[in-house]
Amino acid sequence: MRIAILSRNPRLYSTRRLKEAAEQRGHTVDIIDTMHCYMDITSSDPSVRYKGERLPDYDAVIPRIGASVTFYGTSVVRQFEMMGTYSINESVAISRSRDKLRSLQLLSRKGIGMPRTGFAHHPDKVDDVIKNVGGAPVVIKLLEGTQGIGVVLAESQKTAEAMIEAFMGLNASILVQEYIKEAGGADIRCFVVGGKVIAAMKRQAAPGEFRSNLHRGGSASLVRLSPAERKTAINAAKTMGLNCCGVDILRSSRGPVVMEVNSSPGLEGIEKATSKDVASMIIQFIENSAKPHKTKTKGQG
C-alpha cells in the first residue's frame, strides 16, 4: 500500500515508528506536513497539493494532527476522504474528540462513567457551579488545552471561586470537574485500535503534581485492566467514532471514569511501558481495513 502520514515533524517518535513499521511490512510511506498542504476543491476532481504538485493517490492516511491545528488539519483529512482515501480516524471523529465539551456530552449520553462536570462561561453564581460538582477541591480546565496545559486544581472554595472569576475575566470558557482523590494522582492510558485495547499503561504524577501527563514529569508503568476498565475504554472510543485513540481513565470509588479521548495519542510512552509494538499493530489494522471510499461520512459533515 501507499500510506501518507500527516505530521508536522518527521523526527517525532510516533511519526518515525509508524513509518518504520509500515516500511518493514512492505508499504511505501510519505510524511506530509499537514499545514503545507493546500486543496483544490472542485466537484469533479478534488485533490490535495503539496510543494507545487498534486499528491499521488494514497490507499490510506494516518492523521497525526496537533490540537493547535485541528481546524486546518481536519479539513485536509476531509479532502482526502472526499478523494476516496481511507483515513484511520475520520475528520468528523477527530473534530468531535477535540471538542472537550461535546466529547463529555456524548459520553454522558451513552452512560459512560465520567467525573461530574460543570460547564460555564459567565455564571451568575460561581459558588453554585462548584457546589454542583460536589464542592472543593475541584479541577478547573480551559475548554481548549492539551498535555495538562490549562488544567488547575483548586483545593478550597475561595481558591476555586477566584480561579473561575479570573478565567471569566479573560473571556474563557471553562470546565469544572470533581476531583477524584482516590485516583492518587494516577490515570490509565488505554490504547484502543479497531475496537480493542491493544496496550495500557498507568501514568503516575510527579511528587507535588496532580497531573499525570508524561510531558509534565509523570512516570509510566505496565498495568492490568479490569473488565470494566477495558469495556469503558472500548465504549468511549466507539462513542467518539475513533478507530485509533488513547482513552484516559481514572480509578474512582464508583468505577472507571473517562477523563479524555485522544485522537492522536503518542506512541513513545505506551511502547516503552508495555514493550509492545503498537506501531505495527496500527499498520496491521490499516492493512485489514483500508478500502477506497470506506468512510462512514464519505467526507461529509
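**Reading the model: domains, cores, helices and annotated sites**

Reply: Let us begin with an interface. Between domain 1 and domain 3, about 1,900 Å² of area is buried, and carbon and sulfur atoms give 57% of it. Please keep in mind throughout that this is a predicted model.

Me: Why is an area quoted here, and into which domains is the protein divided?

Reply: The accessible area lost when parts come together is often used to give the size of an interface. In this structure the division is into domain 1 (2-96), domain 2 (117-179) and domain 3 (182-288). The C-alpha centres of domain 1 and domain 3 are 24 Å apart. To the contact between them, domain 1 contributes 19 residues and domain 3 contributes 22 residues. On the domain 1 side, Tyr13, Arg25 and Ile88 supply 29% of the area buried against domain 3, more than any other three residues.

Me: Which residues of the largest nonpolar core touch the most other members?

Reply: This core has 27 residues, and those touching the most other members are Leu18, Ile62, Ile88, Phe191, Leu267, Val278 and Ile282. Two or more residues come from each of β1 (2-6), α1 (13-24), β6 (60-63), β12 (186-193), β13 (196-204), α8 (268-274) and α9 (278-289). The largest share, six residues, is that of α9. Domain 1 (2-96) and domain 3 (182-288) each give this core at least three residues.

Me: With which residues is Phe191 in contact, leaving aside its neighbours within four places in sequence?

Reply: With those neighbours within four places set aside, Phe191 is in contact with Lys196, Val197, Ile198, Ala199, Cys244, Cys245, Pro265, Gly266, Leu267, Ile270, Val278 and Ile282.

Me: How should I read a helix, and which residues of α2 are buried?

Reply: An α-helix has 3.6 residues a turn, so residues three or four places apart point the same way. Helix α2 (residues 70-82) has 13 residues, and the span from its first C-alpha to its last is 18 Å, close to the 18 Å expected at 1.5 Å a residue. Its buried residues are Thr70, Gly73, Thr74, Ser75, Val76, Val77, Gln79, Phe80 and Glu81. Among the elements that cover them are β1, β3 (37-40), β4 (47-50), β6, β7 (86-87) and α3 (91-98). After α2 comes Gly84, with a positive phi near 95°.

Me: Is α3 mostly covered or mostly uncovered, and what covers its buried residues?

Reply: Helix α3 is mostly covered, with six of its eight residues buried. These are Ser91, Val92, Ala93, Ile94, Arg96 and Ser97. Their cover includes β6, α2, α4 (100-109), α7 (227-240) and β16.

Me: Which residues does the UniProt annotation "binding site" cover?

Reply: According to the unreviewed UniProt entry, this annotation covers Asp248 and Glu260. Asp248 lies in strand β15 (residues 244-252), whereas Glu260 lies in strand β16 (residues 255-262).

How values were computed: Residues are numbered from 1 along each chain as its sequence is written. This is a predicted model: local features need pLDDT of at least 70, side-chain atom pairs count only at pLDDT 80 or more; totals for chains, interfaces and linings use all residues. Side-chain values use heavy atoms; hydrogens and water are left out. A nonpolar core is a set of buried Ala, Val, Leu, Ile, Met, Phe, Trp, Tyr and Cys residues joined through side-chain atoms within 4.5 Å. Buried means under 20% relative accessible area, exposed over 50%, partly exposed in between (1.4 Å probe, protein chains only). Helices (H or I, at least four residues) and strands (E, at least two) are DSSP runs, numbered from the N terminus. Domain bounds come from an automatic or database domain assignment. Contact means heavy atoms within 4.5 Å. The expected span of a helix is 1.5 Å times one less than its number of residues. UniProt positions are given in the numbering used here, feature names are shortened, and annotations may be inferred rather than shown by experiment. Buried area is the accessible area (1.4 Å probe) that two parts lose on being put together, summed over both.
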